[in-house]
Amino acid sequence: MPKLLIWIAALAALIALPHGLSFSQQEILVFLTINVLLVASYRLLTLTGEWSLGHVVIMGWGPIPQPC
C-alpha cells in the first residue's frame with residue numbers, strides 16, 4: 001500500500017510540475033524529455049543488436065522553430 005501512495009504522489013507531482021514553471025523552463029523540460037527518449041531508444045538498439053538509424057533521421061528532421 002505505501003508503494004502505491006508513493007506512485008500516486010510522484011504522478012501528481014509530475015502533473016503539477018509544468019504549472020509552476022515559466023515558458024522557457026517548460027521548453028527546456030520538453031527538450032530534455034525528447035532527448036531522454038532518444039537515448040533510451042539508442043540503449044534499446046544496443047541491447048538488442050538491431051541497428052537501424054531511421055529514428056535518427058526523424059529526430060534530425062525535428063520541429064521547425066516558430067518565429068518570435
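Mentor: The protein chain has three helices and zero strands; helices (H or I, at least four residues) and strands (E, at least two) are DSSP runs, numbered from the N terminus. This is a predicted model, in which local features need pLDDT of at least 70 and side-chain atom pairs count only at pLDDT 80 or more, while totals for chains, interfaces and linings use all residues. Residues are numbered from 1 along each chain as its sequence is written, and side-chain values use heavy atoms, with hydrogens and water left out.

Trainee: What is the mean pLDDT of the protein chain?

Mentor: The mean is 80, and 72% of the residues reach 70 or more; pLDDT is the predictor's confidence in each residue, from 0 to 100.

Trainee: What share of the residues is buried?

Mentor: Buried residues make up 3% of the 68 residues in the protein chain. Buried means under 20% relative accessible area, exposed over 50%, and partly exposed in between (1.4 Å probe, protein chains only). Among the 15 residues of α1, the count of buried residues is zero.

Trainee: Why does the end-to-end distance of α1 agree with its number of residues?

Mentor: At 1.5 Å a residue, its 15 residues should span 21 Å, and the end C-alpha atoms are 21 Å apart, so the two agree. The expected span is 1.5 Å times one less than the number of residues. For α2, the 26 residues should span 38 Å, which agrees with the 38 Å between its end C-alpha atoms.

Trainee: What comes after α2?

Mentor: Glycine 49 follows α2, and its phi is positive, near 80°.

Trainee: Changing topic: is leucine 29 buried or partly exposed?

Mentor: Leucine 29 is partly exposed, because its relative accessible area is 29%. This residue lies in helix α2 (residues 23-48).

Trainee: Which residues does leucine 29 contact, leaving aside neighbours within four places in sequence?

Mentor: Leucine 29 is in contact (heavy atoms within 4.5 Å) with Leu17 and Leu21. Leucine 29 and proline 18 are eleven residues apart in sequence, and their C-alpha atoms are 8.6 Å apart in space.

Trainee: And where does leucine 4 lie?

Mentor: Leucine 4 is in helix α1 (residues 2-16). Leucine 4 counts as partly exposed because its relative accessibility is 47%.
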